[in-house]
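The sequence and structure come first.

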Amino acid sequence: MKKLILILIFGFLLLLGFVLTMAPARIVIPWFTQGISQITVNQPSGSIWNASLHSISYQGKSVYNISAQTSFWALLLGNLHSEIQIDDEQLLLDGSIQLNSQQIAVENTNYQLEAGAILDWIRLPITELSGRFTGEIQSLELAVNEIKALDADGVWQNAVVGYPNSVLELGDIHFTIERTDEGQALLTITENPGMLDLKGTLEVGFDKQYQLNLSTQTDTPAHIKQWLTQLGRIENNRVIIKWNGRLP
């Protein structure tokens, strides 16, 4: 009897594997993403094992040229576990992503992002961002309106911030990103050997509320120091800048 049950189970798995192998990506992928309303998958094509996506959209922003290779065994367990590559003009991504109907997880993923791509998402008195963010996401788990895990690092290479009538060259800004005990994303500047010697943090949650706490040295050219003191106050030979706000 036990042998018969094992044969039936094995036969069912073979049949399920055959059905999944034949399933087109346009049918399977939306099933895994239906519970994550913030993300929209556009025009999937190919098989579930070797899929291509026209784009993925999030809050009105889209990235293009996406391909993924999917694990058979993860799919049998109800998870879409894929090696994913994104070759968008503003975003490069190469790593591992796992989806089910409730959450998305990313691990061991390298990224490159043009700084100008995030300008529309911030509400600060600046007119330009340039340079490139590059680094690695060791782990990221997102559920509906919840950050379950976050561990990443990176560097903003050749960082430039523009403000009315001038620009500020900041050099390279090294940072880490982690989940706080309150479930927020916390970016911490770990090194900035540039003109300002930036130190501080940026904390953001799913409610889009942010808290920015920065400090810079005061030994800067007069026009930059004047601009900085308009944004914050001088304390212990540092310019202290604190802002609270909401992302778009």
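Helices (H or I, at least four residues) and strands (E, at least two) are DSSP runs, numbered from the N terminus. The place of Thr-109 is in strand S6.

## Basis of the values

This is a predicted model, in which local features need pLDDT of at least 70 and side-chain atom pairs count only at pLDDT 80 or more, while totals for chains, interfaces and linings use all residues. Residues are numbered from 1 along each chain as its sequence is written, and side-chain values use heavy atoms, with hydrogens and water left out.

## Chain totals

The secondary structure of the protein chain amounts to four helices and 14 strands. Buried means under 20% relative accessible area, exposed over 50%, and partly exposed in between (1.4 Å probe, protein chains only). By that criterion, 40% of the 248 residues of the protein chain are buried.

Accessible areas come from the Shrake-Rupley method with a 1.4 Å probe; for residues, only the protein chains shown count as cover. The protein chain exposes about 14,100 Å², and carbon and sulfur atoms supply 55% of that area. Contact means heavy atoms within 4.5 Å. Of the contacts in the protein chain between residues at least 6 apart in sequence, 38% join residues at least 24 apart.

Two strands pair if DSSP finds at least two bridges between them. Strand S7 (residues 128–143) is antiparallel to S8 and joined to it by 14 bridges. Within this pair, Arg-132 stands opposite Gln-157 in S8. The hairpin of S7 and S8 has two residues between the strands, and Asn-145 there takes a positive phi near 55°.

Strand S8 (residues 146–163) also runs antiparallel to strand S9 (residues 166–179), with 11 bridges joining them. Val-160 stands opposite Glu-169 in S9, and Val-155 has His-174 of S9 as its bridge partner. Two residues lie between S8 and S9 in their hairpin, where Asn-165 in the turn has a positive phi of about 75°. S9 in turn pairs with strand S10 (residues 185–191) in the antiparallel sense over six bridges. His-174 stands opposite Glu-191 in S10. The hairpin of S9 and S10 has five residues between the strands, including Gly-183 in the turn, with a positive phi of about 85°.

## Nonpolar core

A nonpolar core is a set of buried Ala, Val, Leu, Ile, Met, Phe, Trp, Tyr and Cys residues joined through side-chain atoms within 4.5 Å. The largest one has 42 residues, and Trp-156 and Leu-170 have the most contacts inside it. S8 supplies the largest share of this core, seven residues. Apart from neighbours within four places in sequence, Leu-170 is in contact with Ala-159, Val-161, Asn-192, Gly-194, Leu-196 and Leu-198.

## Helix H4

In helix H4 (residues 222–231), the residues Ile-224, Trp-227, Leu-228 and Leu-231 are buried. These four are on the same side of H4 because they cover an arc of only 100° around the axis. The arc is that of the directions from the helix axis to the C-beta atoms. Ala-222, Gln-226 and Gln-230 are exposed on the other side of H4. The buried residues of H4 pack against S8, S9, S12 and strand S14 (238–246).

## Selected residues

Thr-109 counts as buried, at 1% relative accessibility. The side chain of Thr-109 reaches the backbone nitrogen of Ser-96 at 3.2 Å. This is a polar contact, that is, a pair of N or O atoms within 3.5 Å; within protein, one must be able to donate a hydrogen and the other to accept it, and residues adjacent in sequence count only if both atoms are side-chain atoms. Not counting residues up to four places away in sequence, Thr-109 touches Leu-93, Asp-94, Gly-95, Ser-96, Gly-135, Glu-136 and Ile-137. Asn-108 also lies in strand S6 (residues 103–114). Although Asn-108 is not a glycine, its phi is positive, at about 45°.

Asp-197 lies in the loop between S10 and strand S11 (199–204). Phi of Asp-197 is positive as well, near 50°, and the residue is partly exposed, with a relative accessible area of 22%. Asn-213, in strand S12 (residues 209–217), is partly exposed at 29% relative accessible area. Leaving aside neighbours within four places in sequence, Asn-213 is in contact with Lys-199, Gly-200, Thr-201, Ile-241 and Lys-242. Asn-213 and Glu-203 are 10 residues apart in sequence and 8.7 Å apart in space, C-alpha to C-alpha.
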